[in-house]
Amino acid sequence: MQEITKFPLLCGNISVDLVNTEVVRRGHRLDLLPKTDDIWDWLHVVQADIPFWSEMVPAWKEQLPEIHKKLVTMRGILRAHFEAIADKQTVPATLITYLENIITNAPITYKLKDEKLLPFPVGTLADRLLTILALDALRLIADGKLRLLKRCSNTDCVLLFIDESGRRKWCSMKICGNRKKVAKFQQRKTEEL
């Protein structure tokens with residue numbers, strides 16, 4: 001698990017990380033990607049998941065408005081489906097079709113980089129990025145990991161994570177788990193007085 005930054009990266013899957021760019025702070029839902037500069041910051045954080053990152057850096061800035069619009073739209077669609085799946089609904093065929101259609105806009109070729117075969121979408125920069133996100137979500141479905149998607153046990157939290165152990169309750173101990181532990185400790189101390 002990566003260290004907590006402005007963007008919570010909770011399970012190493014870029015599609016879930018995109019959904020988790022909406023958080024709750026002080027009781028209010030907060031969009032961590034309201035401006036194109038925020039998209040740029042997020043892309044820097046998740047660049048290890050984008051195989052064509054270094055080759056495309058010069059073009060990113062010019063295309064951020066288009067990328068921003070498409071990412072926010074995709075995030076909304078993924079959030080709706082991922083939350084339903086976290087609530088134990090089956091993966092809908094409409095989600096699979098949506099993800100497959102995204103990939104048709106930037107079909108995948110492969111390149112050898114650092115002795116690894118990496119997917120390399122061909123198309124506009126925005127479509128390439130969406131293809132990487134769609135491919136990640138489709139891999140989660142194919143590997144059966146999307147069924148392990150959970151909501152944080154903190155009812156005020158909107159973050160999602162993959163629970164491979166079957167015992168995880170919190171999005172992160174640093175974010176919600178520790179808050180609940182501190183609250184329980186303070187409650188016990190108050191009851192003892």
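β4 (116–121) and α5 (125–142) each supply at least two residues of the lining of the largest pocket. Helices (H or I, at least four residues) and strands (E, at least two) are DSSP runs, numbered from the N terminus. This is a predicted model: local features need pLDDT of at least 70, side-chain atom pairs count only at pLDDT 80 or more, and totals for chains, interfaces and linings use all residues. Residues are numbered from 1 along each chain as its sequence is written, and side-chain values use heavy atoms, without hydrogens and water.

α5 gives the most to this lining, with five residues. The largest pocket holds about 450 Å³ of space. Of its 23 lining residues, G12, N13, D49, D136 and R139 are the closest to the centre. A pocket is an open set of points on a 1 Å grid where a 1.4 Å probe fits, with protein on both sides within 12 Å along at least five of seven lines; lining residues have an atom within 4 Å of a point. A volume is the space filled by probe spheres set on the points.

Now the helix pair. The axes of α3 (residues 53–86) and α4 (residues 93–105) come within 11 Å and cross at roughly 150 degrees. That makes α3 roughly antiparallel to α4 (angles over 145 degrees, on a scale from 0 to 180). Contact means heavy atoms within 4.5 Å.

| Helix | Residues in the contact |
|---|---|
| α3 | M74, I77, L78, H81, F82, I85 |
| α4 | T94, L95, Y98, L99, I102 |

These residues divide into nine nonpolar, two polar and no charged.

Notes: Parallel < 35°, antiparallel > 145°, perpendicular 65-115°, else oblique. Nonpolar A, V, L, I, M, F, W, Y, C, P; charged D, E, K, R; others polar.
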